[in-house]
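Please take me through this structure, feature by feature, and show me how each one is read.

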Amino acid sequence: MRLRYTELAAYLGSLDTGRDQVLLPAAGGLRLEHVRFHSRHVGLLPGHAAYRCAEHGVGFTAPRAPVRPLAEPEYPPSLCIADPAVAENQTFQYTLLTRPGGRRARGVIVLFHGLNERTWDKYLPWAVTLAQRTGRAVLLFPIAFHMTRTPPDWSAARTMRQVSSLRRAHSSTIVNSTLANAALSVRLQHVPSRFFWSGLQTFDDLLDLVAAIRAGAEPRIDAGANIDFFAYSIGAFLCEILLMADPGAALAGSRLC
């Protein structure tokens with residue numbers, strides 16, 4: 001008998017799912033593991049002194065925009081790092097759920113989260129249920145500057161409470177500010193185009209992920225596997241763009257829920 005959502009959430013919460021590999025006996029013996037991924041696309045993020053297009057062989061200087069996101073010295077150093085220098089956003093992990101037996105999955109569902117998320121806690125029960133009911137692998141991929149692709153300070157309650165207070169002090173128009181959105185809000189307030197550029201970085205990361213699967217570089221997933229998507233909130237918006245653009249028709253047979 002499958003666990004209900006609340007039971008499954010409690011079961012997963014009792015485990016150390018941060019380990020490199022975890023077996024889930026009460027969830028049909030699924031294997032949960034974290035796979036290292038390196039983004040090759042930090043070069044397009046705002047904050048470089050100069051840029052170069054490798055495809056066209058053209059170089060140009062950066063527009064007159066702040067390289068450092070914040071000028072106020074009271075803000076924590078982790079919020080004053082230029083985007084290309086955020087190490088956690090360059091090399092990170094995605095989470096993969098596979099069925100027992102060791103065979104490569106013939107199908108995979110890539111699951112995307114919503115805006116400003118910091119942990120996979122509420123999504124893991126979704127992923128386990130999808131894996132159980134479809135028999136496919138489920139791959140949870142983090143959007144740039146979300147989940148583990150951020151410095152730990154950005155989700156530290158005490159630090160972000162201070163940032164929220166600073167935002168209210170620096171801007172009289174802010175009438176409601178919480179620690180939950182402090183890091184995201186202050187970063188977008190100073191450089192609004194981050195919303196687009198971080199999305200584009202994730203878009204290109206996804207294409208690299210698909211290419212790696214097709215090349216057989218993901219040992220748990222078959223190179224010819226069906227690749228479909230299950231997405232929520234801003235993750236759904238990103239997936240819609242991905243499937244409409246679909247460079248090279250790599251996802252011509254993919255579906256999105």
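The dialogue below takes up the sheet, the hairpin, the salt bridges and a surface patch.

Q: What kind of model is this, and how are residues numbered?
A: This is a predicted model, in which local features need pLDDT of at least 70 and side-chain atom pairs count only at pLDDT 80 or more, while totals for chains, interfaces and linings use all residues. Residues are numbered from 1 along each chain as its sequence is written, and side-chain values use heavy atoms, with hydrogens and water left out.

Q: In what order do the strands of the open sheet lie?
A: Strands (E, at least two residues) and helices (H or I, at least four) are DSSP runs numbered from the N terminus, and two strands pair if DSSP finds at least two bridges between them. Here 6 strands form an open sheet in the order β1-β2-β5-β7-β6-β8, with mixed pairing. β1 (21–24) and β8 stand at the edges with a single partner strand each, so one side of each has no neighbour in the sheet. On average, neighbouring strands of this sheet are turned by 25° against each other, direction ignored.

Q: How many bridges join β6 and β8, and what packs on the sheet there?
A: β6 (residues 105–112) pairs with β8 in the parallel sense over 7 bridges. Within this pairing, Val-110 has Phe-229 of β8 as its bridge partner. Helix α7 packs on the sheet and touches β6 and β8, its direction making about 130° with that of β8. Contact means heavy atoms within 4.5 Å; axes are lines fitted to C-alpha atoms, for helices over the stretch in contact, and angles run from 0 to 180 degrees between N-to-C directions.

Q: Which residue of the β3 and β4 hairpin takes a positive phi?
A: Strand β3 (residues 50–53) runs antiparallel to β4, and 4 bridges join them. Arg-52 has Gly-59 in β4 as its bridge partner. The hairpin has 4 residues between the strands, and Gly-57 takes a positive phi near 65°.

Q: How many salt bridges does a search of the whole structure find?
A: Side chains of opposite charge can pair when their charged atoms come close. The criterion is a side-chain nitrogen of Lys or Arg within 4 Å of a carboxyl oxygen of Asp or Glu. The search finds 11 salt bridges. One of them joins Arg-187 to Asp-83, with the closest N and O atoms 2.9 Å apart. Arg-187 is in helix α5 (residues 182–190) and Asp-83 in the loop between β4 (58–61) and α2 (87–90), so that the pair links distant parts of the chain, 104 residues apart. Asp-83, Arg-187 and Arg-194 are linked in a network of salt bridges.

Q: Which residues form the nonpolar patch on the surface?
A: Patches are made of residues with over 30% relative accessible area and no salt bridge, like charges being joined within 9 Å and nonpolar side chains (Val, Leu, Ile, Met, Phe, Trp, Tyr) within 5 Å. Accessible areas come from the Shrake-Rupley method with a 1.4 Å probe, and for residues only the protein chains shown count as cover. Leu-115, Phe-195, Phe-237, Ile-241 and Met-244 form the patch, with about 500 Å² of accessible area together. Helix α7 (residues 234–245) gives the largest share, 3 residues. Ile-241, found in helix α7, counts as partly exposed at 34% relative accessibility.

Terms used. Buried means under 20% relative accessible area, exposed over 50%, partly exposed in between (1.4 Å probe, protein chains only).
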